[in-house]
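User: Hello! I would like to learn how to read domains, interfaces and annotated spans in a model. Could you walk me through one?

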Amino acid sequence: MNFTRRSFLQTSAGLAGLAAFDLPAFAQSDKFIVNMFGGRWEDDWRKFVMPKFAKQIGKPFDLDIGLGMGWISNFRAAGPDRPPFPAVMLNEKYTAMIRNDGFFEELTPALVPNMADLIEPAILKGKTAVTGMLAPLVLAYRKDMVDRPPKGWADLWDARFRGKLGLYKITNSAATMMALWAGEHFGSGRSDVATAVAKFKELAPFPQIGYSAQLTPLMTQGQIAVAPIDIGEVKAMQEQGIPVDYVVPAEGMFVFDHSFSVFKSHPNKKLGEDYINFVLSPEIQLWMAENWLIAPTNKTVKLPASLQKWPLQADVVSKAIRFDWDETLALIPKLNDLWDRTI
Amino acid sequence: MTAAATPFGDAPAARYGFGLLVVLLYVFLLAPLVTIVGASFTSGMLIEFPPRGFSLQWYGQFFQRDNLVAALLVSLRVGLITAVVTSIMAMMAALAGQAMAGKLGGWFQIGMVLPLLVPELLTGVGLLFFLYKIGLGRSLLGLQIGHILMSFPYAYVSISAALRQVPPSLGEASSSLGATGWQTFRLVTLPLVRPGLVMGAIFAFINSFDLYTMSLLLKPVGGTTLPLALFDFLTYEFKPTAAAAATLSILLALVGVALVQRLVGLQRAF
């Protein structure tokens, strides 16, 4: 059969027709939609967590997968009156960017009953967000490549680790937290970005990675021996037989606050409140601890013996080094610029 | 058979030097593809090259990840619609451009390729605000509009180049023999422009399939495209599933090349 101009045009038109048919109209979807990170987070949330909430509310669900900056751009473009979904999960760094712009509802135990059982640091500024997922960041090291493990963040500057470190790009909030800590520890305070950047310059060259999970292959392959890593990644490496261990830094660990907020103008904001209550429930908090090594922020969660060796207990995470992200955001442009020009 | 002279002359040193340059060029172009395709067949747990053993497990994993398959389908649908719509629009624009003379024609040409000249991020942000204004923020239609906008110049350049090769005298002859404008277009112009049209459509499809920034800003709530899904995946799981997905994308590009060969022949298209 010859493929003629006529058949080409007919095929094109046919394909276009087929493709246009039954396109999902996400914007008008009557599904309950919330956001989530990709990879294993999405997979697990979709398979094990959301079906329970969908059953509770009697509605199908879907997830909007992405990263902080993409969501923030969209919320700003949509404006506070037209949020795309009722509740949102963001790294506290991003929540702070729009906290004062009238997007979020003030959360109270009357709206979200499980808030009454939260550890104090989990209720974030202005009660516009609560930490539903608290991911500890510890110092991981390869046991076969390090004679004497590090004890704290300051040990990263010890000559014995030179050339063996893996760190983050300054766009990652872990790098921001480390820089602010370095400014405080080595300089005049958290706003001393010049000292902070100069100190990290001493450690260069080192791989600068975007996300915690991307440090894992480097450590697995032995390209780096010491790195600040999400404890969930440490557990995953240990399960693969990689000789990795970790320390909770003497100065205190950092934490990623994944905070949850309700958009006050969304017509289904009640569902958003119910969703956050569901995430904060002992059942889901325990599920996240067992499966992701996320520290429960609900005080009533009893950690099983198998999890006691990890730094997930309420008293441990309450001592983590915390940052005021409103103040941090004001420092970020100068910090990022200096970092990019120096390291 | 005698070998053709190289651009640097016919001496043996020039021949070897030119040969080496060509080999290096191919290595430069193909090394990333070979690496990612190789890594997709590893039996290890990480993206690595050379691969550790041989396994198809990561292809199996890809097809078991409903979210990645759904993203692939969205990319295919959006790319296909982009290719068809863009080709039609670019054909009409190229005809209009050809009919314009002097400075107006020049400005028209510039206007048609503007999406290539303005940074994609800025176009995306502008479009994002506009789409929210008209009620299409974060909808599949909004994403489709963005992809058509960004892919249009590729199709336009390809089609207008092909159109310039058509002697105007053919159209005049057709008209003088009594053909209507539509008949002249359908029976004279279109067959001659077909290689450019097909190439334009394929460029538009590939461009749409690969768009990242525009998709990041405009993707529908609850939906995503393959490049975004792969980036989200790689952010939290550095597994060879992503290499398998990339290999499938490369396979799609090869299908595109085969399609060009089938429809117009590679020699005529380039």
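**Domains, then the partner chain**

Analyst: Gladly! Chain A is split into domain 1 (29-134 + 256-317) and domain 2 (135-254 + 325-342). Please keep in mind that this is a predicted model.

User: How far apart do the C-alpha centres of domain 1 and domain 2 of chain A lie?

Analyst: Those centres are 26 Å apart. Contact between the two domains draws on 18 residues of domain 1 of chain A and 14 residues of domain 2 of chain A.

User: Which elements supply the domain 1 side of chain A that touches domain 2?

Analyst: At least two residues each come from α4 (92-98), β4 (130-142) and β9 (254-262) of chain A. With four residues, α4(A) gives the most to that side. By residue class, the domain 1 side holds 12 nonpolar, three polar and three charged residues.

User: Where does UniProt place the feature "transmembrane region" in chain B?

Analyst: The unreviewed UniProt entry puts it at residues 20-47, 68-95, 107-132, 139-163, 183-205, 217-236 and 242-260 of chain B. Residues 68-95 of chain B are 100% helix, with end C-alpha atoms 40 Å apart. Residues 242-260 of chain B are also 100% helix, and their end C-alpha atoms lie 27 Å apart.

Methods. Residues numbered from 1 in each chain as written. Chains lettered and ligands numbered in written order. Predicted model: local features only at pLDDT ≥ 70, side-chain atom pairs only at ≥ 80, totals over all residues. UniProt positions renumbered as here; feature names shortened; annotations may be inferred. Domains from an automatic or database assignment. Contact = placed C-beta atoms within 7 Å. Nonpolar A, V, L, I, M, F, W, Y, C, P; charged D, E, K, R; others polar.
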